[in-house]
Amino acid sequence: MSDLTIWTYDWVPEMPRGFVRDLRLRWACREASLGYRIATVPFDGREANHRDRQPFGQVPYLSDGDVHIFESGACLLHLARQSEALMPRDSVGEADTIQWLFAALNSIEIVTVPWLFLRFSGHADTPLTTWLGSRLTQLERVLDSREWLAADRFTVADLLMADVLRGDPLKTFADRPATDAYVERVTSRAAFQRAHEEQLAQFARADADRA
């Protein structure tokens, strides 16, 4: 039995299913052929019921023997250090992968999350729209000239960047053919498809338990 345990909610409403960030960890484990199990914390009372492991009451967090990590980016880096399938072992390829892993979080997701929140709250036109457009245009230029972000092959950086970009509102944000092709290429991988199906099935089973 693997020591790797991915912690997520026992149930979530319909809308976020398929996008809860434990998916990133499931996907990475499947890419790297790392065995794992899923454990849950209650969605109800989530703000306070697991602060000993995640001080902000969020998911995912990861247990690996004596190692306990929260924040999906940190968890992904931990997993990438266990498998060359996720990150090269040479210093140049590793540095390239790590910088793009952080870019997905700190240059792209930092804009997409508040933009999406405002959009879903009924504020379609905000100052964030200009910022988001600029960041996505810059990324489009990068992806127009390469198939993968780092090391000339799929890495954990692609996994994270594609997950950040794959939501429907972002897919329809301006004309970005290179980015669209990139997201399709990454999310067509069998490991993503299986991880996505697994998460949806877990929450569907939880519907019956709550009923």
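User: Which elements do the buried residues of helix 2 pack against?
Analyst: This is a predicted model, where local features need pLDDT of at least 70, side-chain atom pairs count only at pLDDT 80 or more, and totals for chains, interfaces and linings use all residues. Residues are numbered from 1 along each chain as its sequence is written, and side-chain values use heavy atoms, with hydrogens and water left out. Helices (H or I, at least four residues) and strands (E, at least two) are DSSP runs, numbered from the N terminus. With contact meaning heavy atoms within 4.5 Å, the buried residues of helix 2 pack against strand 1, helix 1, strand 3 (61-64), strand 4 (67-70), helix 3 and helix 5.

User: How many of the residues of helix 2 are buried?
Analyst: Buried means under 20% relative accessible area, exposed over 50%, partly exposed in between (1.4 Å probe, protein chains only). Among the buried ones are Cys75, Leu76 and His78. So helix 2 is mostly covered by this definition, and the count is 8 of its 9 residues.

User: Which residues touch the most other members of the largest nonpolar core?
Analyst: A nonpolar core is a set of buried Ala, Val, Leu, Ile, Met, Phe, Trp, Tyr and Cys residues joined through side-chain atoms within 4.5 Å. The largest one has 54 residues, and the ones to look at are Trp27, Leu76, Leu79, Trp100, Leu139, Leu149 and Met161.

User: Is threonine 155 buried or exposed?
Analyst: Threonine 155 sits in the loop between helix 4 (127-143) and helix 5 (156-165). Not counting residues up to four places away in sequence, it touches Leu86, Pro88, Thr97 and Ala150. Because its relative accessibility is 0%, threonine 155 counts as buried.
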